[in-house]
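Biologist: I have a new model open and would like to go through it. Can you take me through what was computed?

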Amino acid sequence: PPEEGMSQAVNSNDDYCSFTLPSDLSQGGLPSEADICKDLESPNAATKRSALKAAIMAMLGGEALPRVLMQVIRFCINTPDHQLKKLMMLYWEVVPKYQPSPSASSSSRSAKKPALLPEMILVCNALMNDLNHPNEYVRGSMLRFLCKIKDEEILGPLMASVKQCLEHRHSYVRKNAALCVFHCFRLFGTKLIPDGAELMERFILAETDMCARRNAFLMLFNSAEDIAIEFISQNVDDIMKFGEGFALLVLELTRNVCRRDPSSKSRFVRVLFQMLSSSSASVSYEAAWTLVSLSSSPTAVRAAAQTYSNLLTTQADNNVKLIILERLEDLKKKHSKVLQEVLMDVLRAISSPNPDICSKVLDISLSLVTSRNVEEVVTALKRELLKSRDSDMDKNAPYRAMLVAALHSCSSRFPEVAEGVVSTLMDEVGGEGGLKVVVFVRAIVEQYPDLRSGVLSTLLSSLSDVAKPDVMAVTMWILGEYCVDDEAAREAFDAITQQLGEPSFVVKEEAKEEKKDEEPTVTTKNVVLADGTYATQTVYSEPPQASAEASSSPLRGMVVSGDVFLCGVCASTLTKLCLRLGRPKACVVRCVRLLCGFAGVAEAGVGGSQKTAKVDSHDRIGLCARMLLDDRTSEMLRETWTDKGKVTFSQLLREMREKAALASKEGEEGIISQADDLIHIRQLKGGPAAGAAGDIDLDDGSDLLRATGREGDGSDYAEGLRHTYQLTGFSDSVYSEASLIVNDYDIKLELLMINRTPDALSINVELSTIGDLKIVERPQARVVGPLDQAVIKASIKVSSTETGRIFGTIVYENTSNGKKGYINLNDLHLDIMDYIKPATCTDEVFRSFWAEFEWENKVAVSTSILDLHQFLDHIVAKTNMNCLTPVQRSGKSNFLAANLYARSVFGEDALVNVSVEKKSDAGGKLTGYIRIRSKTQGIALSLGDRINMVQRKIEDEEGKEGKEEKVEPVANGGKQ
């Protein structure tokens, strides 16, 4: 029947075609078979090319076109046009080469091999003519084409010509001939080329071209490994002259041999050491990690580390630098002492303009700092910090913050460098990263009492340089807590009061009328000159400038501008200094006047983010005044205000150090294997057992897993079932299921099609999307036999974290009677949790993001959970968020507030603030709000929908949750 012949043609295309063309090339329709045959008879080469392109497109679409083959043989096979010859190679690749067998069923086609078409004899003759063509390009192109042919009947008659091409004068022909011989030998072994290994051995010994030698070695590497190893041993000193491609093949051969026989490592060590100094970056990199895989001796590790550090400073590609840093981090886990020798070479990469590379370099370098090299590291960091002052690079602010944090870490671990670090960083208090610096100085003052006097005097002299309120607030706290003796307290009190000036502090109110008065005015009038004549005089008057006191004192300017929080800090600092001085009358009077000015600022009211600080600051200022004026209050609170602050801060620093030590201990690897552990055999192990190899593995599959972010996952069958969805009903003619495989930016959609009818069906799936989804590879039409099944694949690109939807229709046609049918598919909803990953950030970064992001979604708490901490844990687990707030679970409280943070695979930040209260008058129910903020609308709405959906569920309702997650969430947020 013709239907079976058509099916045979389609299957033939799938078997022989190794290329695909975009479907939009055929828009507007393709010519018929008769038109194609007519155009092929044209003497015009352009017309023939157009007709042959149409024939290729039609055959890729499933058309048989049996008449076209003979037309191509008659009118195109001897053409001198090179473009047409190239198109003919594509045509030979896609054309069916075997006779269809109509009497055979689809299940028994493989029982008897079909016969070759008679026309293929003429095609083989044409191919042989091209192999013997005097033009090198024609010969080389034909040899490359033969590497795609898998038919023994076609390749057999051509082998003599292929062997002759190995001796051609031109290197282009010889290198493609070597590839062709390798292809034939790999497919059919000694059946076609009995002396293949010996032939290639003679060829590689006489060959001088690098590409041809590389292709010949590729065949020996895969087919005659002993000959390849012998060739390497005889040409050890000349391997670096054979080119980059040959060296990479040698490295791959080394890994394969050592993976199979670890006792052969010594045969390749000398070659690997030579390749470390290669001028090719890829060769030296591959040689370095291969050498470390073969040997863990300090000499090998030292040579590999030196190679990595050289590549790190010489390569300009940021991706290459990040990969090298990953390798250095792997080395650091087991060979940290050896890596300390190249620490300064690694640290030179900190000058990279990419902040991710700088952060990675600092992380590796700080973990390798010891008492022997800390001086050099600190000197290099201070030099970079001074250099960044005059730089206007985009990374300047975060880069300086990283340098300050690194210097802080060094000075905390090694007290001998603390003094030099502090003297350098004190100049940065008034700069862009002043908050980081002053926080670091606060810790240094507490940890090292010997440095306090110098640091405090420097802070006092730098008060006029501080331009940010948060930096000034921390500076005030340091002066108030650590100016203990009378002289230091008197100097601090005088400096602060001088900066504040005289009260009152009037909040600036810029009304429109005042703005008009402040604008420059022009006055014109008539005057009488000395000689008695009249003249017109124009007077230009400017508004009065601000007072010198307000412009020269940043602290007063911050207070006058209405910073209520800073007013409260200044009031506390001045009160502490007065208490330490014994409350002299002059200081008390001066301080009380300033407190009245601060209270006036608080009473005037402020806007923005300090609305909630008004009442607290007003109460604090009032308490300060009572301590200064009331002896009883002063006696009761003196010790608390002057001493308890330092004690509490010391406890905080101690807890932070303990937490950091615990985190570093958790990051260290424990015992890899015990004495009674099982011995894993590489050929028999799989899945999670593959990670038990211990040292850096030679298995390339582990590198692929690391590259795709799935290291250690194995084959998680349950995870795959969780993303399998039913698309059609059981009673439909075609039953379909979809499996979603999410890989960051791409979604691989595998559609299982089961034909439930006794007839063959031609099935086509039409898909559409809603949201930031784009179908990259649409499903191809398939012919599914009776009661048979097939898997159709599609690729979808995701561009943002937003709840998306995929919907579509199955269109099927009965191949026997032409009857068509349609089935609407169930919608597929993409889960936002597939793109949200827990992340961490500092409190300062969280606050800056919270103030910057404009999209907010406010979700009311409505849950059956009665415990505050259980509710927080439930939200964190179900939203893939990371809780940044340390929660104290020991005490009892009716309030809970926590900040959660996560980041999507697209680099989008998600901020969540959970504020919950346990009501005592409502049966202990939880009330409050969960606020989500993000830079984009999609993630705020999608995350709000997710929280709305999961907050009502408790842990033992997992089965019910899986069913309810298929309901489309409704967004309830918007732009504030």
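Modeller: Start with a term: buried means under 20% relative accessible area, exposed means over 50%, and partly exposed lies in between, with a 1.4 Å probe and protein chains only. This is a predicted model, in which local features need pLDDT of at least 70 and side-chain atom pairs count only at pLDDT 80 or more, while totals for chains, interfaces and linings use all residues. Residues are numbered from 1 along each chain as its sequence is written, and side-chain values use heavy atoms, with hydrogens and water left out.

Biologist: Is Arg580 buried or exposed?

Modeller: Arg580 counts as buried, because its relative accessibility is 11%. It is found in helix α32, residues 564–580; helices (H or I, at least four residues) and strands (E, at least two) are DSSP runs, numbered from the N terminus.

Biologist: Which residues does Arg580 touch?

Modeller: Contact means heavy atoms within 4.5 Å. Not counting residues up to four places away in sequence, Arg580 touches Gly480, Glu481, Cys483, Val484, Asp486, Arg638, Thr642 and Lys646. Val484 is 96 residues from Arg580 along the chain, yet their C-alpha atoms are separated by 6.8 Å.

Biologist: New topic. How many residues are in the largest nonpolar core?

Modeller: The largest nonpolar core has 209 residues. Such a core is a set of buried Ala, Val, Leu, Ile, Met, Phe, Trp, Tyr and Cys residues joined through side-chain atoms within 4.5 Å. Those with the most contacts inside it are Tyr91, Trp92, Leu146, Phe217 and Phe598.

Biologist: Which helix gives the largest share of this core?

Modeller: Helix α10, residues 171–188, with ten residues.

Biologist: Why is α10 largely enclosed by the rest of the structure?

Modeller: Because 13 of its 18 residues are buried. The helix reaches 26 Å from its first C-alpha to its last, close to the 26 Å expected at 1.5 Å a residue; the expected span is 1.5 Å times one less than the number of residues. After α10 comes Gly189, whose phi is positive, near 60°.

Biologist: What about the loop between α9 and α10?

Modeller: His168 is found there. His168 is buried, with a relative accessible area of 14%. Leaving aside neighbours within four places in sequence, His168 is in contact with Glu136, Arg139, Val173 and Arg174.

Biologist: Back to Phe217. What does it touch?

Modeller: Not counting residues up to four places away in sequence, the contacts of Phe217 include Ile204, Phe231, Phe246 and Leu253. There is also a second, separate core of 31 residues, which includes Tyr725, Val784, Ala794 and Tyr835.
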